[in-house]
Amino acid sequence: MSQKKHRIIGLTLGVALTVSGAVTTFAFFNNDTPNQSSPIQGKAKNVIVFVGDGMGAAHRDAIRLAAKGLNGKLEMDDMPYAGIVHTNSADPKSFVTDSAAAATAIATGVKSYNGAIGVDLNGKPVKTVLEQAKEAGKATGIVTTSQVTDATPAAFASHVANRSSQSDIAKQYLENSKVDVILGGGEDYWYPTENPGKYPDYPAEDPTEASKGTNGNLVDKAKQLGYTYVSNADELKRAKSNKLLGLFANEEMFQQRPEGEGDIYDPVVSLPDMTKKAIDILSKNKKGFFLLVEEEAIDEMSHENNAALTIKAGQQFDQAVAVGKAYAKQHPDTLVIVLADHDCGGLTVETVNDSDESGDGKTTSSEDGPFPIAHSDQNFVLDWTTSGHTGTDVPLTAMGPGAEKLTGIYENTHIHDVILRAMRIK
């Protein structure tokens, strides 16, 4: 490695991490599990979990540099507690997780195989934190820029052996977990073949997209069950129902491509707006709520090694976090957690120089950038080492009741345990 390279790493694995102008200490014990003996400080009436899919430490740095500069702080970093999360799955073929196994571990507290949705290694369903919140009388919600039935949200509210069973997942949302607010993309899995719904089949931006549901017209089913159905920003704004289904794209709410080859990140409804609407509806429940919010494009654009749209999606994600934090500051009985399910792309953040060490662009990606550092005359470049997931740990930040239990280094299953303890659910 050239001595000219200067790595810009905003989140370091050390004894302490500076967050919110103070020092948050990582608890390095003889084992990785944080101390569970002391009681949680207060009870979490509400829980909001933000997942930046594929968002490793370097992603957070790149988003921060582009949006806030060298000395600025993202909303997701300006939180009083921080931890480091192990992401490996229990898959016998690959310890590097996919989103399904990672979300299943977070949602159920059980490690499983890649592709598993809410089931253990034997395919047996395991109850999720969202389902347990529902049983406790709380309102529940899912918000994502992916298909609402994609792996991460699915693992919190359904149980199938394979993440590809998206129409079955949609049916379970309505009939089993009975999620109150469902907002995102993936209309194609709610309508049967030859029934295009509100979004045309075979659109110009992606002619492969078309309705492919296997359980009849699930949008009509949702309406019969009392859901208000919306498909654009105006309808979402006007909706007042306590049960809301919003589908805003055939598949994901973006088009993931290599840069300049049809890549688009311009959701019909922004992630911050969907987050605010979900909170407005769910917070009507006097017993509180559980809400999952996911930005999928960070992962998808990282798979394409598309740094510009990875950063753009990350900035939208941070604005959504700001919405959640604003609510939590007015309602301090709200636990807010920001994390990734895994890292994607093996990203590094570097200064600009004349040499490119990342490869020839065939077996590895070439350098991406340069990108301006906000509020300065400096630039940075990004290097990708893979177009896939990696096995590296990911950062987590948190605030509210129970957040103090998320310091240290721990398995992703620990997050499930902390959420249940914070909500006082056994």
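This is a walk through a predicted model, from its sheet to its helices and then its salt bridges. Local features were taken only where pLDDT is at least 70, and side-chain atom pairs count only at pLDDT 80 or more, while totals for chains, interfaces and linings use all residues. Numbering starts from 1 along each chain as its sequence is written, and side-chain values use heavy atoms, with hydrogens and water left out.

Let's begin with the sheet. Helices (H or I, at least four residues) and strands (E, at least two) are DSSP runs, numbered from the N terminus. Here 10 strands form an open sheet with mixed pairing, in the order E7-E8-E6-E5-E9-E3-E10-E16-E4-E17. At its edges are strand E7 (228-230) and strand E17 (408-411), each of which pairs on one side only. From one strand to the next, the twist averages 15°. Two strands count as paired if DSSP finds at least two bridges between them; E6 and E8 pair in the parallel sense over 4 bridges. Within this pairing you can look for Gly 184, which stands opposite Leu 247 in E8.

Now turn to helix H10, which lies across strands E3 (46-52), E9 (289-295), E10 (334-339) and E16 (394-399), running at about 170° to E3. Angles of this kind run from 0 to 180 degrees between N-to-C directions, with axes fitted as lines to C-alpha atoms, for helices over the stretch in contact; contact means heavy atoms within 4.5 Å.

Because 9 of its 12 residues are buried, H8 is largely enclosed by the rest of the structure; among the buried residues are Leu 271, Met 274, Ile 279 and Leu 282. Buried means under 20% relative accessible area, exposed over 50%, and partly exposed in between (1.4 Å probe, protein chains only). At the start of H8, a side-chain oxygen of Ser 270 comes to within 3.1 Å of the backbone nitrogen of Asp 273.

Helix H5 (residues 166-177) holds both Lys 171 and Glu 175, 4 residues apart, about one turn of the helix. An α-helix has 3.6 residues a turn, so residues three or four places apart point the same way. The two side chains form a salt bridge, with their closest N and O atoms 2.9 Å apart; a salt bridge is a side-chain nitrogen of Lys or Arg within 4 Å of a carboxyl oxygen of Asp or Glu. Glu 175 is partly exposed at 33%, and Lys 171 is partly exposed at 29%. Also in H5 is Gln 172, which is buried at 13% relative accessibility. Leaving aside neighbours within four places in sequence, its contacts include Ser 158, Val 160 and Lys 178.

The count of salt bridges comes to 14. One of them joins Glu 75 and Lys 325 (3.0 Å, N to O). This pair links distant parts of the chain, 250 residues apart: Glu 75 is in the loop between helix H1 (57-67) and strand E4 (81-86), and Lys 325 is in H10. Glu 75 is partly exposed at 28%, whereas Lys 325 is buried at 2%. Finally, Asp 98, Asp 150 and Arg 163 are linked in a network of salt bridges.

Definitions and conventions. Polar contact = N/O pair within 3.5 Å; in protein donor to acceptor, adjacent residues only side chain to side chain.
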